[in-house]
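These are my notebook entries on a structure that is new to me. I set down what I looked up, in the order in which I looked.

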Amino acid sequence: MKFIVYNVRDDEIPFVEKWGKDHGVEVKYTTTTLNQETVEEAAGFDGISCLQTIPYSKELFDSLNNLGIKYLSLRNVGTDNIDLPAAKSNDVKITNVPAYSPDSIAEFAVMMALYLSRKVGYMRQQLNQNHQYHFSPSFMGRLISEQTVGVIGTGRIGRAAIKLFKGLGANVIAYDKYPQKSTNGQYVYVKSLDEIYAQSDIISIHMPATDDNYHQFNHEVFEQMKDTALLINTARGSIVDTNDLMYALQSGEIAGAGIDTIENESADLQDSRSTKQVTDPDILKFSMMPNVLITPHSAFHTSEAVKNMIDISLGNLKQMVEGQTPEDLVD
């Protein structure tokens with residue numbers, strides 16, 4: 001039994017090596033992205049672990065089939081970038097890691113909300129651009145306890161975020177197509193997304209990307225939101241129309257945004273050794289705006305999360321090779 005780990009980052013290597021040693025399994029790792037040009041590196045291995053946001057194409061699954069590889073284990077949650085019918089037709093079983101650390105992403109979302117609520121971006125702009133360092137009346141922020149937080153998606157991450165927002169005293173409302181049976185009195189479900197848009201001072205997105213929610217946050221929705229509202233997206237970039245968000249922020253339709261994931265993320269985003277300069281005009285524009293906090297898809301990134309992503313992903317591969325059915329199997 002031997003596995004290959006693609007897209008490995010320096011911070012993952014100690015966990016990969018420890019897992020292989022602890023389980024007596026040969027594990028090779030590479031920093032390259034799994035694609036049609038690099039798939040040959042997997043020849044002779046029993047399974048692949050990978051972490052990436054770019055598409056897994058039909059051609060890639062055809063190649064995996066030709067190499068005799070039947071097991072692909074993601075180290076992340078999202079499967080919207082995978083051609084699942086192609087995987088199935090090539091008899092490639094796929095697993096993901098649906099809960100590597102809900103608290104890591106939830107904490108990051110709350111951090112973004114705090115940063116924006118307290119106008120930290122404006123303070124940094126004063127110092128970095130104007131080289132001034134003094135109090136300003138325009139820096140006056142709002143307490144989280146003064147605000148209504150609308151959480152969209154009440155899975156593990158959404159519920160962890162609700163717990164933290166409630167701990168800061170927020171009034172929390174929520175929406176989910178498949179609501180929890182009990183909220184333990186922490187939040188109240190509303191009947192429609194329109195209620196979230198109209199009532200929330202902060203909206204935090206915690207749902208997977210689907211065909212149904214592509215560009216769910218667009219110009220029409222931003223018009224429904226309060227002009228003092230903040231949008232936090234630590235979920236998937238495709239849920240928010242980037243052009244419409246840019247307009248909403250520049251025109252004052254909404255007050256600010258925390259962006260950890262953006263549309264059309266490139267493979268370079270997961271390359272921790274990259275020295276390439278940013279050229280994406282949207283990222284550059286957002287980075288200059290004091291009412292925006294933009295980060296490179298890093299909400300998950302804690303030591304606990306990285307360990308769990310490695311251990312669960314490789315554990316899923318081991319189970320499949322041994323003929324077992326992991327609970328994280330993607331249908």
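**Entry 1**

I note here that the model is a predicted one. I then looked up how β3 and β4 are joined, and found 3 bridges between these parallel strands.

Which strands make up the open sheet around them, and in what order? I read the order as β2-β1-β3-β4-β5, 5 strands with parallel pairing. At the edges I found β2 (26-29) and β5, each of which pairs on one side only.

I next looked up the helices α1 and α11. Helix α11 (residues 303-321) lies across β1, β2, β3, β4 and β5. I recorded that α11 runs at about 160 degrees to β4. Helix α1 lies across β1 (2-5) and β2, and runs at about 160 degrees to β2.

Within α1 (residues 13-23) I picked out P14. Is P14 buried, exposed or partly exposed? I found a relative accessible area of 48%, so P14 is partly exposed. From P14 to G258 I noted 244 residues in sequence and 31 Å in space, C-alpha to C-alpha.

**Entry 1. Helix α2**

Which residues of α2 (residues 58-66) are buried? I listed L60, F61, S63 and L64. Seen down the axis of α2, the buried residues fall within an arc of 155 degrees, so they line one face of the helix. I then looked up what they pack against, and found β3 (47-50), β4 (71-74), α3 (84-89) and β5 (93-95). Just after α2, I noted that G68 takes a positive phi of about 80 degrees.

**Entry 2. The seven-stranded sheet**

I turned to another open sheet, in which 7 strands are ordered β8-β7-β6-β9-β10-β11-β12 with parallel pairing. Its edge strands are β8 (188-189) and β12 (292-294), each pairing on one side only. I recorded that helix α9 (residues 242-251) packs on this sheet and touches β10 (230-233), β11 (256-259) and β12. The direction of α9 makes about 145 degrees with that of β11.

I then went through two of the strand pairs. Strand β6 (residues 148-152) is joined to strand β7 (residues 171-175) by 5 bridges, and the two run parallel. In β7, I found I173 as the bridge partner of G150. Strand β9 (residues 202-205) pairs with β10 in the parallel sense over 4 bridges. In that region I205 stands opposite N233 in β10.

For β10 I looked up both faces and found them covered. On one side are L230 and I232, on the other L231 and N233, and all of them are buried.

**Entry 3. A buried methionine**

I looked up M112, which is found in helix α4 (residues 102-117). Its relative accessible area is 0%, so M112 is buried. Which residues does M112 touch, not counting those up to four places away in sequence? I listed I232, T234, G258, I259, D260, L293 and T295. Between M112 and D241 I noted 129 residues in sequence and 19 Å in space, C-alpha to C-alpha.

The largest cavity holds about 80 Å³ of space. This cavity is lined by 13 residues, and N233, V240, L245, I259 and T261 are the closest to its centre. I found that β10, α9 and β11 each supply at least two residues of the lining. The most comes from β11, with 3 residues.

For the largest pocket I recorded about 1,200 Å³ of space. I counted 43 residues in its lining, with V77, H206, M207, P208 and A209 lying nearest its centre. Helix α6 (residues 156-167) gives the largest share of the lining of this pocket, 3 residues.

Key
Residues numbered from 1 in each chain as written. Predicted model: local features only at pLDDT ≥ 70, side-chain atom pairs only at ≥ 80, totals over all residues. Heavy atoms only, no water. Pairing = 2+ DSSP bridges. Contact = heavy atoms within 4.5 Å. Axes fitted to C-alpha atoms, helices over the stretch in contact; angles between N-to-C directions. Buried < 20%, exposed > 50% of the residue type's maximum accessible area, 1.4 Å probe, protein only. Arc of directions from axis to C-beta. 1 Å grid on protein atoms, 1.4 Å probe; cavity = no way out; pocket = protein on both sides within 12 Å on 5 of 7 lines; lining within 4 Å. Points joined across faces, edges and corners; volume = space filled by probe spheres on them.
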